[in-house]
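Hello,

Here is the structure I said I would pass on. My notes on it follow below the entry.

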Amino acid sequence: MEKQTWMILGLLVYAVLFSLVVLGLGALRRRKRRERPPVEFKLLRGPGESLRREMAKLDEAFPFQILGAALVPLLISYGVLWLLVKICPQMSLLMALLIIGISLIVCVCLSAIWMLKKLIKWQNYELGYLGERAVGESLESLLSEGYRVFHDVPASTGDRKFNLDHVVIGPTGLFLIETKTRRKGRARPGFKDHEVTYDGAQLIWPWVEDRHGLKQAQHEAEWLTKWIHKLTGLSIAAKPMLALPGWYVKNTTRGPVNVQNSKNLGIAIKSYGQVELTAEQIDLIARQFDAICRDVED
């Protein structure tokens with residue numbers, strides 16, 4: 001039995017090493033194909049660029065992770081078998097199979113839970129990415145009316161790094177737009193499952209009340225105001241907005257944050273009416289964003 005155990009372990013190790021070599025060669029080939037582009041691309045960030053990069057990392061790691069999740073339980077089970085042979089050579093076959101079966105089931109469950117968390121993480125990234133793409137498409141209508149739009153703007157304060165989902169600069173001012181894409185769930189009695197209400201202080205969802213995204217939009221708008229003043233000397237207060245793609249937004253009271261469905265953003269931005277920024281100021285501010293957002297190379 002010991003000889004058979006070593007043979008099985010040897011075959012498993014060979015399968016793991018072979019799979020790793022094949023996957024590694026594939027990853028190396030993909031990287032080499034990107035090493036020498038025809039020109040040195042430096043493109044502007046698109047909507048959800050940070051999320052796109054996170055999804056790409058998960059995609060690249062996924063084959064290795066699923067291979068590990070599938071093989072590790074087998075390796076552990078055969079390790080248990082080897083220990084049983086060494087420690088209790090007289091153990092009955094039935095008892096040995098029972099112990100190995102239990103260890104295999106536990107390891108498979110743990111591996112499955114681990115992979116499920118990875119999948120949920122990817123799905124959340126995808127949902128956020130699609131939401132930011134929807135907002136980005138809605139903002140495109142402003143480009144023909146003297147506005148400039150930037151997405152996924154990298155920012156930092158102290159050691160903390162974050163990104164501004166969307167920034168709009170135009171005649172009616174400077175706008176910070178935070179996007180929150182939430183799945184629809186079961187509505188409470190008396191609530192519509194597609195409608196969210198903003199009462200000036202909180203968001204009233206069909207299932208709960210919270211301030212998800214409101215404080216974040218305010219803090220990021222404050223950061224943006226200070227950042228623009230530091231770089232340009234212009235004292236322009238960034239207006240915080242919260243976009244909720246896919247939801248019908250009902251505003252009952254005006255609050256510090258302008259909450260809108262993604263399709264209504266352009267109208268809301270233009271409705272501020274008064275001209276706050278000249279063409280020269282718009283261009284000056286836009287150049288600051290162009291300098292930090294033009295870093296897409298793949």
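How much space lies in the largest pocket? This is a predicted model, and in it the largest pocket holds about 280 Å³. Its lining is made up of 17 residues. Those nearest the centre of the pocket are Ser50, Arg52, Arg53, Glu54 and Lys57.

By residue class, the lining of the largest pocket has eleven charged, three polar and three nonpolar residues. Helix H2 (49–87) and helix H3 (93–139) each contribute at least two residues to this lining. The largest share is that of H2, with nine residues.

The two helices also pack against each other. The axes of H2 and H3 lie 8 Å apart, at an angle of about 175°. H2 is therefore roughly antiparallel to H3, since the angle is over 145 degrees. In the contact of H2 with H3 there are 23 nonpolar residues, along with seven charged and five polar ones.

Next, the sheet. Four strands form an open sheet with mixed pairing, in the order S7-S6-S5-S9. Strand S7 (209–210) and strand S9 (248–251) are the edge strands, each of them pairing on one side only.

Within this sheet, strand S5 (residues 195–198) and strand S6 (residues 203–204) run antiparallel and are joined by two bridges. Which residue of S6 stands opposite Thr197? That position is taken by Ile204.

Regards

Key: Residues numbered from 1 in each chain as written. Predicted model: local features only at pLDDT ≥ 70, side-chain atom pairs only at ≥ 80, totals over all residues. Heavy atoms only, no water. 1 Å grid on protein atoms, 1.4 Å probe; cavity = no way out; pocket = protein on both sides within 12 Å on 5 of 7 lines; lining within 4 Å. Points joined across faces, edges and corners; volume = space filled by probe spheres on them. Nonpolar A, V, L, I, M, F, W, Y, C, P; charged D, E, K, R; others polar. Axes fitted to C-alpha atoms, helices over the stretch in contact; angles between N-to-C directions. Parallel < 35°, antiparallel > 145°, perpendicular 65-115°, else oblique. Pairing = 2+ DSSP bridges.
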